[in-house]
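Q: Could you walk me through a structure, one question at a time?

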Amino acid sequence: IRAVYERQWPLVAGDPVGEEAYHRGLGLLTEIFLDCLVENVEERLRGGDRARALGSARALSAKSPRRWKELLARCPEVAGLGVAGSGEPATGSDA
């Protein structure tokens with residue numbers, strides 16, 4: 001998504017309306033991406049796929065600490081993944 005948006009920047013650069021639309025669109029898509037990461041962690045944990053849940057959890061904690069903390073607050077089993085910032089000791093490559 002970001003690559004597509006980067007190609008569009010020269011078309012809107014210098015146009016205040018175009019720049020506003022560009023930033024608004026990229027922001028909306030980023031929010032959708034973050035929503036998907038939250039859903040991935042939850043669904044993969046429910047399905048017993050801890051390895052893939054861990055990958056999504058790491059991405060979420062790096063890209064949105066606020067959403068990561070919200071997920072930890074409502075889904076205690078997420079802390080058991082051992083992602084840095086979860087309140088649990090970091091494991092593996094998170095150390």
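A: What follows is a short talk about a predicted model.

Q: What is the volume of the largest pocket, and which residues line it?
A: The largest pocket has a volume of about 180 Å³, and its lining is made up of Ile1, Arg2, Leu26, Leu29, Thr30, Phe33, Leu34 and Lys63.

Q: Which helix gives the most to that lining?
A: Helix 2, which covers residues 16–46, gives the most, with 5 residues.

Q: And how does the lining split by class?
A: The lining of the largest pocket has 5 nonpolar residues, 1 polar residue and 2 charged residues.

Q: New topic: in the largest nonpolar core, which residues touch the most other members?
A: This core has 17 residues, and of these Val41, Leu60, Trp68, Leu71, Val78 and Leu81 touch the most other members. Helix 2, helix 3 (50–63) and helix 4 (65–74) are the elements that give two or more residues to the core, and helix 2 gives the most, with 5 residues.

Q: What is Leu60 in contact with, leaving aside its neighbours within four places in sequence?
A: Leu60 is in contact with Leu34, Leu37, Val38, Pro65, Arg67, Trp68 and Leu71.

Q: How many salt bridges does a search of the whole structure find?
A: The search finds 6 salt bridges, and one of them joins the side chains of Glu70 and Arg66 at 2.9 Å, N to O.

Q: Where do Glu70 and Arg66 sit along their helix?
A: They are 4 residues apart in helix 4, so about one helical turn separates Glu70 and Arg66. Glu70 is partly exposed at 39% relative accessibility, and Arg66 is partly exposed with a relative accessible area of 48%.

Terms used
Residues are numbered from 1 along each chain as its sequence is written. This is a predicted model: local features need pLDDT of at least 70, side-chain atom pairs count only at pLDDT 80 or more; totals for chains, interfaces and linings use all residues. Side-chain values use heavy atoms; hydrogens and water are left out. On a 1 Å grid over the protein atoms alone, a cavity is a set of points where a 1.4 Å probe fits but cannot get out, and a pocket is an open set with protein on both sides within 12 Å along at least five of seven lines; lining residues have an atom within 4 Å of a point. Grid points are joined across faces, edges and corners, and a volume is the space filled by probe spheres set on the points. Ala, Val, Leu, Ile, Met, Phe, Trp, Tyr, Cys and Pro count as nonpolar, Asp, Glu, Lys and Arg as charged, and the others, Gly among them, as polar. A nonpolar core is a set of buried Ala, Val, Leu, Ile, Met, Phe, Trp, Tyr and Cys residues joined through side-chain atoms within 4.5 Å. Buried means under 20% relative accessible area, exposed over 50%, partly exposed in between (1.4 Å probe, protein chains only). Contact means heavy atoms within 4.5 Å. A salt bridge is a side-chain nitrogen of Lys or Arg within 4 Å of a carboxyl oxygen of Asp or Glu.
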